[in-house]
Amino acid sequence: MSSTATEVLVVGGGQAGIAMSEHLGNHGVPHIVLERDRVAERWRTSRWDSLVANGPAWHDRFPNLEFPCAPDAFPTKEEVAAYLAEYAEKINAPIRTGVEVISVTKNIGEPGFRAATSEGTIDARYVVAATGPFQKPVIPAVVPDAARIHQIHSSAYCNPRQLPEGAVLVIGAGSSGVQIADELRGSGREVYLAVSPHDRPPRRYRGRDFVWWLGVLNKWEAATPPQGAEHVTIAVSGARGGHTVDFRNLAADGITLVGTAESYEDGKIRFAPDLKQNIAQGDANYLSLLQEADAYIERNGLDLPEEPGAHHLQPDPECVTDPLLELDLAEAGVTSIVWATGFTQDYSWLKVDAFDEKGRPQHRRGISSEPGVFFLGLPWQSRRGSSFIWGVWHDAGFLADHIMIRRSYRAYNSAGAAATV
Ligand SMILES: Cc1cc2nc3c(=O)[nH]c(=O)nc-3n(C[C@H](O)[C@H](O)[C@H](O)COP(=O)(O)OP(=O)(O)OC[C@H]3O[C@@H](n4cnc5c(N)ncnc54)[C@H](O)[C@@H]3O)c2cc1C
């Protein structure tokens, strides 16, 4: 057990911790990054085997290093982990791996914070919580354990072989749910997919990936989710070279679409009558992006090939027009459920005054209500792009600048007294 002091303690060695380290290093600020496992651990062990990045290599990266693959390719999860590890080495990030932060408390009567870690204590003037946007898997309490059906969260899903023989119900239709359902169907499984509300931008339109369209249309910069929603699920896929998620295609491949899973009783699961509406809202989101892209092209006189076919949607499949509202799991041969229902956060280690009454980080652009404590990598931290590889880099820059400003206040000492900001 050791005792160390540093200026900034960064907790978490994923993309957020690495980005923070780069900006602090550029400012010459002494810091330590603690990671309880390995650098980029979540890309190594919390993603399914076949996962590729949702965004192309030219876009989903830090500005100062390119992926070795083609710019329009979608890096595999191993390539993303290797990229982040290489980046950490390139910038000489002072990361200590295998060290868990157990608690961080505010020093009483003196500036700074004390971290209790699995390897001793660290005193730091500032603390950056970079422990990820997606920390604790959420499984809604719909199907009780007593139902004796194999239930896992998407973060524990690896591949179809891992599930018991039989049909699978995938719940949640964001990028994880649709990709997992697609993979399971491709492996020959009978698949039911519970389709929740989602956005589904076109993968590519008029020769440009949707990440480009969201960029030029300023949509990555959106400061809050629309209509006060906490989060918007985006159904996109980089699998098989990238393709637009259209639920009609999934149905044509043999997946039975159902509405949001609502309740369970006596071996039967009930679905809300919202399937048609959820699909229609996703379609509206898709079509509105095409229209905005067309308008942008026209206003700016861009020479991009027309793609009128993209505006024509196929008719709804039967499972949408005449949806199943109840499924007897045993009768349908369903032996497992994959919950692709998102994540929540866990800051139980951070024992400071930086949370609201619901335990959510209380902050503005990552600057928390506890002076000296910062969050990084939160969904919508400053904009829609905040939890993505490229977005977190800019938020880290903002926080590093802010730390420099705080340091300048600390340096101010006209009366000769020790300043304690
Ligand atoms: C399925 C999936 C696919 C995604 N695909 C993309 C994509 O294609 N492109 C993109 O830009 N983004 C993608 N994202 C979003 C985002 O890039 C990832 O979630 C990314 O892992 C977030 O990085 P992070 O550094 O903020 O957090 P994390 O990667 O979660 O890193 C946090 C680290 O903190 C460590 N930690 C936690 N608690 C402690 C503690 N107490 N002490 C020490 N260490 C601790 C963890 O071990 C972890 O390594 C995806 C997310 C998911 C879930």
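Begin by selecting α1, the element that gives the most to the shell around the ligand, with 3 residues; helices here are DSSP runs of H or I with at least four residues, strands are runs of E with at least two, and both are numbered from the N terminus. This is a predicted model, in which local features need pLDDT of at least 70 and side-chain atom pairs count only at pLDDT 80 or more, while totals for chains, interfaces and linings use all residues. For your selections, residues are numbered from 1 along each chain as its sequence is written.

Next, show the ligand together with Gly12, Gly14, Gly132, Gly377 and Phe388, which come nearest among the 32 residues around the ligand; a residue counts as near a molecule or strand if its C-beta atom, placed from the backbone, lies within 6 Å of it. The elements that give two or more residues to this shell are α1 (15-26), β2 (31-35), α2 (41-45) and α9 (389-411). If you colour the shell by class, you will find 12 nonpolar, 12 polar and 8 charged residues, where Ala, Val, Leu, Ile, Met, Phe, Trp, Tyr, Cys and Pro count as nonpolar, Asp, Glu, Lys and Arg as charged, and the others, Gly among them, as polar.

Now zoom out to the whole protein chain, whose secondary structure comes to 9 helices and 22 strands. Its radius of gyration, taken over C-alpha atoms, is 23 Å, close to the 22 Å that the globule rule gives for 421 residues, so the chain is as compact as a globular protein of that length; the rule is 2.2 Å times the number of residues to the power 0.38.

Colour the two domains separately: domain 1 covers 2-135 + 345-411 and domain 2 covers 137-339, with bounds that come from an automatic or database domain assignment. Their centres, taken over C-alpha atoms, are separated by 30 Å. Where the domains touch, 17 residues from domain 1 and 21 residues from domain 2 take part, two residues being in contact if their C-beta atoms, placed from the backbone, lie within 7 Å.

Then select the open sheet of 5 strands, which has the order β8-β17-β9-β10-β13 and parallel pairing; two strands pair if DSSP finds at least two bridges between them. At its edges lie β8 (150-153) and β13 (256-258), each pairing on one side only. Strand β10 (residues 191-194) is joined to β13 by 3 bridges, and alanine 194 stands opposite valine 258 in β13.

Finish at the open sheet of 3 strands, with the order β14-β15-β16 and antiparallel pairing. Its edge strands are β14 (261-265) and β16 (326-328), and neighbouring strands are turned by 20° against each other on average, direction ignored. Which residue of β15 is the bridge partner of alanine 261? That partner is phenylalanine 271, and β14 and β15 pair over 4 bridges. In their hairpin, which has 2 residues between the strands, aspartate 266 takes a positive phi near 50°. On the β16 side, 3 bridges join β15 (residues 268-271) to β16, where leucine 327 stands opposite isoleucine 269.

Note on methods: Axes fitted to C-alpha atoms, helices over the stretch in contact; angles between N-to-C directions.
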